[in-house]
Amino acid sequence: MVDAARARKLADRIQQIVAEMLERRIKDPRLGFVTVTDTRITNDLRDATVYYTVYGSDGERAETAAALESAKGVIRTEVGRKTGVRHTPSITFVMDSLMENAAHIDDLLAKARAKDAEVARAAQGASPAGDENPYREPASDDDEDEDLDEDLDGDGPDEDGGTAGDGEDDRSGRPSS
């Protein structure tokens, strides 16, 4: 196993090398407007996965995928030469669906905004179904003083729910003799 920091540095370096190769050295006409978005490498540094996006239609994406597959050997050779690792990792190109996911999220957010606006329109003329203030409010100091006076005269309920004069000893719970 390799240190995670070393693997991350190597993945970043591979991403830079691949992006530079696609920009300057690979002259395939099928290659579209490609952006390398991420590179991940296994812990044993044997396999690297390069994620990319292509701006364009589905046909242009398919042509770019074919161009990258045909240029894989040249790119791997350059990665091995510029990184200096003992075993050059095999490279796999994977289409990153970042743009599609972002468009899908934008659509979901637009739908949520429309639903929120619809609920707000429906709530404009509505009145509450229950009390105006459904939350319990603490009693005022005057109400508490009256409750204490009632409990002190012995007629109110005890802590255990009984009354003070029901034949039970308040301290032990046993009948008084």
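These legends accompany several close-up views of one predicted model.

Residues are numbered from 1 along each chain as its sequence is written. In this predicted model, local features need pLDDT of at least 70 and side-chain atom pairs pLDDT 80 or more, while totals for chains, interfaces and linings use all residues, and side-chain values use heavy atoms, without hydrogens and water.

**View 1. Confidence along the chain.** The protein chain has an average pLDDT (the predictor's confidence in each residue, from 0 to 100) of 80, and 79% of the residues score at least 70. Confidence is highest in β3, at 92, and lowest in helix α5 (residues 141-152), where the mean is 58. Helices (H or I, at least four residues) and strands (E, at least two) are DSSP runs, numbered from the N terminus.

**View 2. The three-stranded sheet.** Here is an open, mixed sheet with the order β1-β2-β3, in which strands pair if DSSP finds at least two bridges between them. At its edges lie β1 and β3, each pairing on one side only. Look for the parallel pairing of β2 with β3, which runs over six bridges; Tyr51 has Val94 in β3 as its bridge partner.

View 3. Tyr52 belongs to β2 and Phe93 to β3, so the pair ties together parts 41 residues apart in sequence.
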